[in-house]
Amino acid sequence: MKKKYAAEPYRIKVIEHIRQTTKEERIKILKNAGYNPFSLRSEDVYIDLLTDSGTSAMSQEQWSALMIGDEAYAGSRSFYRLESVVKNITNYQYFIPAHQGRGAEQVFLPQLVTKKGMYYISNIHFDTTRSHVELAGARAIDCVIDDCFDLQTYHPFKGNFCLNKLEKTILDKGKENIAGIIMTITNNSAGGQPVSMENMRQVSEMAKKYGITTIIDGARYAENAFFIKEREEGYQDMDIIDIAREAFSYADVLLMSAKKDGLVNMGGFIAIKDHEELYNKCRTYIVPMEGFPTYGGMNGRDMDALAVGLMEALDENYLRHRIDQVRYLGDRLREAGVPVQYPIGGHAVFVDCKSIAPHIPYDQFPAQSVTNAIYIEAGVRAVEIGSLLLGRDPDTHENIQSEMELMRLTIPRRVYTYRHLDVVADAVIHVFEHRSELKGLAFVYEPPILRHFTAVFKPIDSL
Ligand SMILES: *Cc1c(COP(=O)(O)O)cnc(C)c1O
């Protein structure tokens with residue numbers, strides 16, 4: 001196991017104070033928040049690992065770029081600056097901004113759903129992508145490799161498509177019923193696991209064979225390119241931007257949430273290789289949904305900050321440090337015997353709470369219990385990815401049991417130091433060592449949909 005971790009390739013110019021509370025205070029705060037970290041106020045959180053989305057720190061160059069934003073409704077200079085950066089990175093002809101990734105999804109995904117009974121196929125659809133596929137009247141099918149569900153064994157590209165499952169699905173459903181194939185890079189729902197270039201090339205060849213449009217859901221495409229450079233034969237001497245360009249060459253469309261590898265707090269876009277008719281459809285549809293096609297829901301100044309952020313995110317030194325930070329946290333936990341997904345993905349460490357708290361049944365939410373315990377221990381906010389998130393069966397109304405009960409520790413970009421991650425690791429290790437004391441949770445209030453966001457719980461004292 002590689003033990004070296006890259007030091008910060010930046011120094012700190014502006015700081016944001018974060019409040020440290022006592023354990024007694026946190027016990028009260030969490031109780032008042034109904035034992036649900038989503039209900040915590042940010043000021044009561046010391047280290048916030050809820051998400052890496054929109055939580056990046058911007059550079060001085062990005063803050064400067066905000067000042068030259070052009071807020072013209074139509075034809076803003078900021079639009080043209082961002083367009084030229086996106087075209088340079090993708091080699092695509094067409095570009096439309098959107099307010100964030102799901103804005104791009106709601107405009108683009110319905111365009112390929114031309115009749116009833118159609119399907120999108122992905123390695124794994126991200127949640128909002130799946131929602132927009134369904135809202136567009138299609139169904140979402142995932143065809144990831146089986147290794148993805150093995151938390152222990154090393155595989156360099158656990159985010160890959162299973163080509164057999166993919167081809168079987170195309171043949172089963174009929175190629176004319178496949179709206180598109182969505183390559184999610186890195187594979188967010190699989191723990192930020194990367195997808196290999198070879199896999200993308202093979203998916204693209206299969207799509208061509210059956211005449212199906214390919215889409216890259218590229219929220220973390222730069223992190224994916226870095227993994228390819230590190231792990232895939234033949235890419236060691238290639239620049240990150242050229243690896244990204246090769247990846248984009250295997251798709252027809254890029255849907256981007258700029259809140260991740262765009263290094264901005266809000267933003268997104270659609271880029272289309274050369275399909276003019278598809279571009280025209282999106283350009284028409286975006287007006288009522290997101291805004292006029294030269295701003296699509298974004299401020300001019302934010303388009304300028306994104307134009308700078310997209311290039312910064314392709315810097316190899318930045319990426320090495322970014323990925324090393326995540327790996328550092330994962331390695332510290334592994335060394336202490338805490339079960340985590342291995343290898344560590346690009347944006348988060350996933351802690352296996354099913355094996356930490358086997359005494360808590362799935363419908364008392366073991367991963368939520370661990371998440372609450374690390375908040376009390378050190379003021380660290382993580383997020384449950386398990387049976388709580390999965391919800392109830394719409395027909396039987398029973399709690400669905402998730403395959404895995406995970407706690408996600410998501411690392412924002414350029415925000416925390418290795419010492420912060422030590423605080424997180426120490427807290428998780430402490431909770432792990434006292435795991436027999438963890439208690440299950442019962443609902444005091446359960447919302448009918450998306451229950452994890454606003455649910456209220458109480459700890460179950462006797463099991
Ligand atoms: C975040 C994300 C989205 C949705 O983007 P938002 O900017 O949050 O709307 C879509 N796909 C993937 C893979 C993501 O990570």
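Modeller: Gladly, and please keep in mind that this is a predicted model. Let us begin with salt bridges, of which the structure holds 31.

Biologist: Are Asp-172 and Lys-168 buried or exposed?

Modeller: A residue is called buried when its relative accessible area is under 20% and exposed when it is over 50%. Both Asp-172 and Lys-168 are exposed, whereas Glu-83 is buried because its relative accessible area is 15%, and Lys-87, at 30%, counts as partly exposed.

Biologist: How many residues apart in sequence are the parts that Asp-422 and Arg-332 tie together?

Modeller: The side chains of these two residues, Asp-422 and Arg-332, meet in a salt bridge at 3.0 Å, N to O. Because Asp-422 lies in helix α16 (residues 418-433) and Arg-332 in helix α12, the pair ties together parts that are 90 residues apart in sequence.

Biologist: How should I read the contact between the domains?

Modeller: The size of an interface is often given as the accessible area lost when the parts come together. Here the domain assignment gives domain 1 (23-52 + 316-462) and domain 2 (60-312), and the area buried between them is about 2200 Å², of which carbon and sulfur atoms give 57%. In this interface, 22 residues of domain 1 are in contact with 27 residues of domain 2, and the count of salt bridges between the two domains is six.

Biologist: Which residues are linked in a network of salt bridges?

Modeller: The network links Asp-52, Arg-220, Glu-223, Asp-261, Arg-322 and Arg-413; within it, the closest N and O atoms of Glu-223 and Arg-322 are 2.9 Å apart.

Biologist: Where does Lys-260 lie, and what does it touch?

Modeller: Lys-260 lies in the loop between β7 (253-257) and β8 (268-272), and it counts as buried because its relative accessibility is 8%. Leaving out residues up to four places away in sequence, the residues that Lys-260 touches include Asp-52, Arg-220 and Arg-413. An unreviewed UniProt entry places the feature "modified residue: N6-(pyridoxal phosphate)lysine" at Lys-260.

Key. Residues are numbered from 1 along each chain as its sequence is written. This is a predicted model: local features need pLDDT of at least 70, side-chain atom pairs count only at pLDDT 80 or more; totals for chains, interfaces and linings use all residues. Side-chain values use heavy atoms; hydrogens and water are left out. UniProt positions are given in the numbering used here, feature names are shortened, and annotations may be inferred rather than shown by experiment. Helices (H or I, at least four residues) and strands (E, at least two) are DSSP runs, numbered from the N terminus. Buried means under 20% relative accessible area, exposed over 50%, partly exposed in between (1.4 Å probe, protein chains only). Contact means heavy atoms within 4.5 Å. Domain bounds come from an automatic or database domain assignment. Buried area is the accessible area (1.4 Å probe) that two parts lose on being put together, summed over both. A salt bridge is a side-chain nitrogen of Lys or Arg within 4 Å of a carboxyl oxygen of Asp or Glu.
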